[in-house]
Amino acid sequence: ATHDDGLVFVAEDRVGFGRGQLFFLPFPQGAPRKITNGIDAYDGVSLSSDSTHLISILERIDSDLWFAASTDLDHPKELASNHNDLNGYMGLAYRRDGAIVFSSRANGASTLWIENPPGGNARQLIAKPGGDVAPWVLPDDSVVFTSDRETGKHSLWHVDGDGSNLRQHTFGTDDRYPVATPDGRWVYYQSSSAGQSLVLKVSVEGGKPEVVSDVLSGPPAIS
């Protein structure tokens, strides 16, 4: 939507989960500035004729974690209950000891948290948040996940089960949605770093990725 002094538009916010936010771009020059903040997304924008008011569609997502024993599915228990934290919305995974690793914005920026159900205290797994989503737990309880920390580009990262030894695992510009083989030797993931969405695999020890599918592909799954 145009304004006498510039342009009002919706763009993806790189902070957190990349939700659509309203921005203003001054005319004829100047840097864009955010009009809105938060985890809510905005879709479309229109200005009144005198440019004093705007309207937009607000999209809001609630995401909570619930736990139920297989023998008592009728009585689930809520684990993480703050809707605005988007707990688990961008991924969750079980550890062998029953703990759950999940994405959350409980600290204001997306990173990974861990909780032992039922009723365990959730704690932040990685000390410094960094746009961390899509966790996958390996047999040794370490976690591989997608993050745009440090570089601003999505790649795979790896952290030990206690939150230590954080390291970058792949170095593409758009690597996402890791899944590991049951033996924990290989990590498969979706990558659009080459300009086309493909499935690649990389050793859990790191190294050069290998192309698994050279046709247009979505996120992989392990059967």
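Gln196 counts as partly exposed, at 36% relative accessibility; buried means under 20% relative accessible area, exposed over 50%, and partly exposed in between, with a 1.4 Å probe and protein chains only. This is a predicted model, in which local features need pLDDT of at least 70 and side-chain atom pairs count only at pLDDT 80 or more, whereas totals for chains, interfaces and linings use all residues. Residues are numbered from 1 along each chain as its sequence is written, and side-chain values use heavy atoms, with hydrogens and water left out. The chain has 20 strands and zero helices; both kinds of element are DSSP runs numbered from the N terminus, helices (H or I) having at least four residues and strands (E) at least two.

**Overall dimensions and composition**

- Along the principal axes, the C-alpha atoms of the chain fill a box of roughly 65 × 45 × 30 Å.
- Of the 223 residues in the chain, 43% are buried.
- The accessible surface comes to about 12,200 Å², and carbon and sulfur atoms account for 51% of it. Accessible areas come from the Shrake-Rupley method with a 1.4 Å probe, and for residues only the protein chains shown count as cover.
- Among contacts (heavy atoms within 4.5 Å) between residues at least 6 apart in sequence, 26% join residues at least 24 apart.
- The side chains include 18 positive and 29 negative ones, and the centres of the two sets lie 6 Å apart. Lys and Arg count as positive and Asp and Glu as negative, while His and the chain ends are not counted; each charge is placed at NZ of Lys, CZ of Arg, CG of Asp or CD of Glu.

**The sheet E13-E14-E15-E16**

- Four strands, in the order E13-E14-E15-E16, form an open sheet with antiparallel pairing. Two strands pair if DSSP finds at least two bridges between them.
- Strand E13 (133-137) and strand E16 (167-168) are the edge strands, each pairing on one side only.
- Strands of a sheet pair through backbone hydrogen bonds, either parallel or antiparallel.
- Three bridges join E13 to strand E14 (residues 143-147) in the antiparallel sense. Trp136 has Val144 of E14 as its bridge partner, and Val133 stands opposite Thr146 in E14.
- E13 and E14 form a hairpin with five residues between them, and Asp141 in the turn has a positive phi of about 75°.
- Four of the five residues of E13 are buried, which leaves this strand mostly covered.

**Nonpolar cores**

- The largest nonpolar core has twelve residues: Ala93, Ala99, Val101, Leu112, Ile114, Leu125, Ile126, Val137, Val143, Phe145, Trp157 and Val159. A nonpolar core is a set of buried Ala, Val, Leu, Ile, Met, Phe, Trp, Tyr and Cys residues joined through side-chain atoms within 4.5 Å.
- At least two residues of this core come from each of strand E11 (111-115), E14 and strand E15 (155-159).
- Apart from this core lies another, of ten residues, among them Ala180, Leu198, Leu200 and Val202.
- In soluble globular proteins, nonpolar side chains tend to be buried together.

**Backbone features in loops and strands**

- The peptide bond from Phe27 to Pro28 is cis, with omega near 10°. Pro28 is found in the loop between strand E3 (20-26) and strand E4 (33-34).
- Asn165 has a positive phi of about 55° although it is not a glycine. Asn165 is placed in the loop between E15 and E16 and is partly exposed, at 46% relative accessibility.
- Tyr177, in strand E17 (residues 175-180), is a residue other than glycine with a positive phi, near 55°. The relative accessible area of Tyr177 is 36%, so this residue is partly exposed.

**Surroundings of Gln196 and Asp214**

- Gln196 has its place in the loop between strand E18 (186-191) and strand E19 (198-203).
- Leaving aside neighbours within four places in sequence, Gln196 is in contact with Ser191, Asp214, Val215 and Leu216. The C-alpha atoms of Gln196 and Val211, 15 residues apart along the chain, are separated by 12 Å.
- Asp214 is found in the segment after strand E20 (210-213) and counts as exposed, at 60% relative accessibility.
- With neighbours within four places in sequence left aside, Asp214 is in contact with Gln196 and Leu198. A separation of 8.6 Å lies between the C-alpha atoms of Asp214 and Ser197, which are 17 residues apart along the chain.
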